Amino acid sequence: MTHLILFMQFFKYGLLCLGGGYMIIPLLYEDFVAQTGFFTPAQFGNLLAISQMTPGAVSINAATYIGYMQGQVLDAIIASIGLVMPTFILATIALNFFKKHQNSTFVTGFFKGARWASFVMVLSAVVLFANMSVFSQPISLDSLTSFSLKYPELGVAIMSAVIYYRGHLSMMQLLVLAFAIGFGVSFI
Amino acid sequence: MLKNRYRSETNILFLIFTTFFKIALFVVGGGLAMIPVIEDTFVRKYKLLKSDDIVDMVAMTQTIPGLIAVNSAIFVGHRLSGWKGSVVATIGVLIPSICILCLIAAFFPLLSMENQHVLTAFSYIRACVTGIFGCVALRLGKKILSTHRDFLIVGLLIVGMLYGVNIVLLIVLSVLIGIISTYKQQKETKSEKHS
């Protein structure tokens with residue numbers, strides 16, 4: 001029974017993810033910190049850090065971790081599958097619909113509009129990651145004129161952009177390189 | 001050619017599974033960070049998809065509710081071999097996350113993130129991801145921004161986002177504009193044919 005409740009709870013989160021897994025973080029905070037006190041705010045912060053720093057999708061990582069904390073491995077699996085299920089159902093329905101009506105006005109127009117939106121979302125992701133690395137304080141509309149940069153990180157960002165654009169190294173190799181540089185720099 | 005070697009369905013399914021398993025096992029930074037790796041693997045390495053497919057994939061992941069990683073996996077799996085492909089890809093994305101996080105949860109319950117070396121290293125990883133996303137944005141922009149109208153709409157969306165308009169609302173608006181403009185275009189070409 002508790003398994004079913006856990007499944008339904010994460011199914012709900014999966015349904016509410018619009019534009020990616022980051023959307024469920026405030027929901028998780030509301031349910032597991034503010035309402036039930038299952039985690040303290042500091043623990044929740046660590047949980048997010050772990051989910052972001054480990055490989056894989058951030059929200060699946062968070063779901064697995066919370067599921068494991070609720071019980072054991074089985075709960076972790078149930079929570080992750082519950083989270084993924086709505087995405088799976090919705091995306092399969094949508095893809096079949098798109099395939100059937102490939103050349104209809106609706107589908108062509110949908111993708112045309114979605115492309116503009118996706119470009120803006122990727123731009124905002126650049127800002128999100130820059131806020132967590134290149135800028136010492138997150139930039140916003142109010143602080144556009146007075147931001148401060150962390151120059152070593154900025155250097156790594158520009159270097160990776162250039163190398164990646166020219167196709168010298170794959171993304172995986174670049175990430176390993178960046179990790180090595182960061183680890184080395186931390187000893188200086 | 002590569003395409004022939006992977007022609008049999010089991011081979012393609014196996015390739016889809018292992019690729020997404022590897023991506024989920026190695027790529028740090030969540031679903032968005034997986035997009036360039038997916039492009040690298042399926043477009044450049046195996047030549048099973050075109051870069052246009054990736055643009056469509058990104059467009060879909062941003063408009064349909066759900067996780068970016070899972071949406072992308074389902075999209076690629078579906079393009080390559082139907083619903084079986086999407087199931088296999090989704091399982092491939094899930095397994096590494098579940099294994100790694102269960103291990104962490106079992107051995108380091110809410111481990112304190114105070115190791116200075118690890119923190120600095122991850123800050124550099126995020127800087128690297130910033131640069132790579134910049135590239136992804138540039139490539140997407142080259143494909144998407146071709147007319148004055150594209151620039152106008154994208155500009156408006158950015159302004160809306162900066163002023164804190166609800167993101168879901170912006171996405172719906174953008175899709176609606178796309179549908180209406182396509183409808184108008186098709187009407188015009190039809191009436192031109194008639195006259």
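Chain B of this predicted model has a mean pLDDT of 84, with 92% of its residues at 70 or more. Confidence within chain B is lowest in helix α1, residues 2–5, where the mean is 54. It is highest in α5(B), at 90.

The two chains can be taken in turn before their contact. Chain B contains eight helices and zero strands, so that the order of its elements from the N terminus reads α-α-α-α-α-α-α-α. Its C-alpha atoms fill a box of roughly 75 × 50 × 25 Å along the principal axes.

Chain A is divided into domain 1, covering 2–98, and domain 2, covering 105–185. Between the centres of domain 1 and domain 2 of chain A there are 25 Å, taken over C-alpha atoms.

How many residues of domain 1 of chain A are in contact with domain 2 of chain A? Five residues of domain 1 touch eight residues of domain 2. The area buried between these two domains of chain A is about 460 Å², and carbon and sulfur atoms give 84% of it. Across this interface the rule finds zero salt bridges, and it also finds zero residue pairs in polar contact with both residues at pLDDT 80 or more. By class, the side of domain 1 of chain A that touches domain 2 of chain A has three nonpolar, two polar and no charged residues.

The next interface is the one between the chains. The size of an interface is often given as the accessible area lost when the parts come together. For chain B and chain A the buried area is about 9000 Å², of which 78% comes from carbon and sulfur atoms. The contact takes 104 residues from chain B and 93 residues from chain A.

Which polar pairings cross from one chain to the other? The rule finds 14 residue pairs in polar contact across the interface of chain B and chain A, both residues being at pLDDT 80 or more. Which elements of chain B supply at least two residues each to the side that touches chain A? They are α2 (9–26), α3 (30–45), α4 (51–63), α5 (68–107), α6 (116–144), α7 (148–162) and α8 (167–194) of chain B. Of these, α6(B) gives the most, with 28 residues. Sorted by class, the side of chain B that touches chain A has 69 nonpolar, 27 polar and eight charged residues.

Charged pairs can be followed separately. Side chains of opposite charge can pair when their charged atoms come close. Across the interface of chain B and chain A the rule finds one salt bridge. In it the side chains of A:Arg115 and B:Asp56 meet, at 3.0 Å from N to O.

Over all chains the structure holds seven salt bridges. One of the seven joins A:Asp31 and A:Lys12, whose closest N and O atoms are 3.7 Å apart.

How values were computed
Residues numbered from 1 in each chain as written. Chains lettered and ligands numbered in written order. Heavy atoms only, no water. Contact = heavy atoms within 4.5 Å. Buried area = accessible area lost by both parts, 1.4 Å probe. Salt bridge = Lys/Arg side-chain N within 4 Å of Asp/Glu carboxyl O. Polar contact = N/O pair within 3.5 Å; in protein donor to acceptor, adjacent residues only side chain to side chain. Helix = DSSP H or I, 4+ residues; strand = E, 2+ residues; numbered from the N terminus. Nonpolar A, V, L, I, M, F, W, Y, C, P; charged D, E, K, R; others polar. Domains from an automatic or database assignment. pLDDT = per-residue confidence, 0-100.
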